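Subject: Structure for your files

Hello,

Here is the structure I said I would pass on. My notes on it follow below.

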Amino acid sequence: MTKVSTRSFFDLLIHIGITLALLAALFLVFFFVYLPFTTNHGQTITVPDVTRLSLDEMQNLLDDRDLRYEVSDCTFVSGAQPLTVIQQYPRANAKVKEGRKIYVTVTKRVAPMVQMPNLVSLTLRSAELNLKSLDLISGDPIYVPDVAKNSVLRQLYNGKEIAPGTPVPKGSQIDLEVGDGLGSTMFEIPNVVGLPLDEAEAAIRGSNLKVGTKISVEDPEKEVGTVVRQRPEARSGERIRVGETMDLWIVGPIEPDQ
């Protein structure tokens with residue numbers, strides 16, 4: 001085996017230089033040849049924007065780029081399509097390696113339920129804020145004659161009055177019946193006695209009044225469903241305000257309001 005002479009100081013320096021050169025060569029080979037070869041160093045993929053895509057669309061897009069995904073969270077977003085991506089990490093246009101996992105947040109398949117609040121007597125603005133806080137949508141206000149201007153008189157879901165505490169899906173539209181402040185207008189009381197109930201109700205509502213309590217009575221001389229009494233009565237000179245209610249006495253059984 002050949003030996004390097006170190007009998008002089010100059011020979012020692014040569015020996016040290018050769019050793020350092022070998023170490024440097026090994027260092028360069030390890031970091032610039034071995035590591036890039038084993039880790040695909042320098043080969044990056046641009047993360048695509050997968051927000052607003054369905055899960056199937058996102059999976060196809062990531063598969064084409066040798067990327068994976070994991071659903072990290074599910075949440076409800078009013079108006080968004082179910083199982084749609086709304087957030088992702090890493091963000092779009094980030095540089096990652098092959099096989100990198102993209103974490104996504106998707107919208108829920110089924111909207112969670114919330115309890116319907118009591119909005120009656122609140123101002124329109126307060127009611128709308130209350131609905132928004134529960135992820136419910138406020139429809140266009142339905143103005144009706146009433147002295148309570150911009151005050152909620154009734155709350156409706158799918159066209160029917162909904163009681164407080166009733167479960168409704170998040171994202172549902174709630175329509176609000178609101179007073180228009182014209183309830184001080186006075187006019188003569190309409191006479192609906194002798195009319196069938198449906199015609200009497202139409203006449204009352206057509207006069208910007210409300211149908212109040214309906215009371216069943218017996219009267220063998222009158223046809224079933226006929227109005228035989230009203231309150232207030234239609235007397236000469238008697239007047240009523242817009243938006244007030246009229247109670248009716250009807251012959252026979254009364255079907256509940258639909």
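Leu83 sits in the loop that runs between E2 and E3. This is a predicted model, and in it the phi angle of Leu83 is near 55 degrees, a positive value in a residue other than glycine. Leu83 is partly exposed, because its relative accessible area is 24%. Ser121 also has a positive phi, near 85 degrees, and is likewise not a glycine. Ser121 belongs to the loop between strand E6 (113-115) and helix H3 (124-133). With a relative accessibility of 60%, Ser121 counts as exposed.

One joins Tyr89 and Pro90, with omega at about 0 degrees. Pro90 is placed in the loop between E3 and E4. The other joins Arg231 and Pro232, where omega is about 5 degrees. Pro232 falls in the loop between E15 and strand E16 (239-241).

Ala92 is found in the loop between strand E3 (85-89) and strand E4 (95-96). Its relative accessible area of 29% makes Ala92 partly exposed. What does Ala92 touch, leaving aside its neighbours within four places in sequence? The contacts are Val47, Pro48 and Asp49. Thr46 is 46 residues away from Ala92 in sequence, and the two C-alpha atoms are 7.6 Å apart.

On the chain as a whole: the protein has four helices and 17 strands. It consists of 258 residues, of which 27% are buried. Taking contacts between residues at least 6 apart in sequence, 70% join residues at least 24 apart. The accessible surface is about 17000 Å², and carbon and sulfur atoms account for 53% of that.

Next, the salt bridges. In general, side chains of opposite charge can pair when their charged atoms come close. The structure holds nine such bridges, and three of them are described here.

- Glu201 and Lys214 form a salt bridge through their side chains, with an N to O distance of 3.0 Å. Glu201 is in helix H4 (residues 197-206) and Lys214 in strand E14, so the bridge ties together parts that are 13 residues apart in sequence. Glu201 counts as buried, because its relative accessibility is 14%.
- Arg231 and Asp247 form a salt bridge at 2.9 Å, N to O. This pair links distant parts of the chain, with Arg231 in strand E15 (residues 227-231) and Asp247 in strand E17 (residues 245-251), 16 residues apart. Arg231 has 44% relative accessibility and so counts as partly exposed, whereas Asp247, with a relative accessible area of 14%, is buried.
- Salt bridges with shared partners join Arg154, Glu161 and Glu177 into one network. Arg154 counts as partly exposed because its relative accessibility is 31%.

Strand E14 (residues 210-217) also holds Ile215. Is Ile215 buried or partly exposed? Ile215 is partly exposed, since its relative accessible area is 28%. Leaving aside its neighbours within four places in sequence, Ile215 contacts Leu248, Trp249, Ile250 and Ile254. Gln230 lies 15 residues from Ile215 in sequence, with a C-alpha to C-alpha separation of 9.9 Å.

Last, two surface patches. Ile16, Leu20, Leu23 and Leu26 make a nonpolar patch of about 400 Å². Leu20, one of these residues, is in helix H1 (residues 9-39). Leu20 counts as exposed, because its relative accessibility is 54%. The other patch is one of negative charge, where Asp63, Asp64, Asp66 and Glu98 gather on the surface. Asp66 is located in the loop between helix H2 (55-64) and strand E2 (68-75). At 46% relative accessibility, Asp66 counts as partly exposed.

Regards

How values were computed: Residues are numbered from 1 along each chain as its sequence is written. This is a predicted model: local features need pLDDT of at least 70, side-chain atom pairs count only at pLDDT 80 or more; totals for chains, interfaces and linings use all residues. Side-chain values use heavy atoms; hydrogens and water are left out. Patches are made of residues with over 30% relative accessible area and no salt bridge: like charges are joined within 9 Å, nonpolar side chains (Val, Leu, Ile, Met, Phe, Trp, Tyr) within 5 Å. Accessible areas come from the Shrake-Rupley method with a 1.4 Å probe; for residues, only the protein chains shown count as cover. A salt bridge is a side-chain nitrogen of Lys or Arg within 4 Å of a carboxyl oxygen of Asp or Glu. Lys and Arg count as positive and Asp and Glu as negative; His and the chain ends are not counted. The place of a charge is taken as NZ of Lys, CZ of Arg, CG of Asp or CD of Glu. Helices (H or I, at least four residues) and strands (E, at least two) are DSSP runs, numbered from the N terminus. Buried means under 20% relative accessible area, exposed over 50%, partly exposed in between (1.4 Å probe, protein chains only). Contact means heavy atoms within 4.5 Å.
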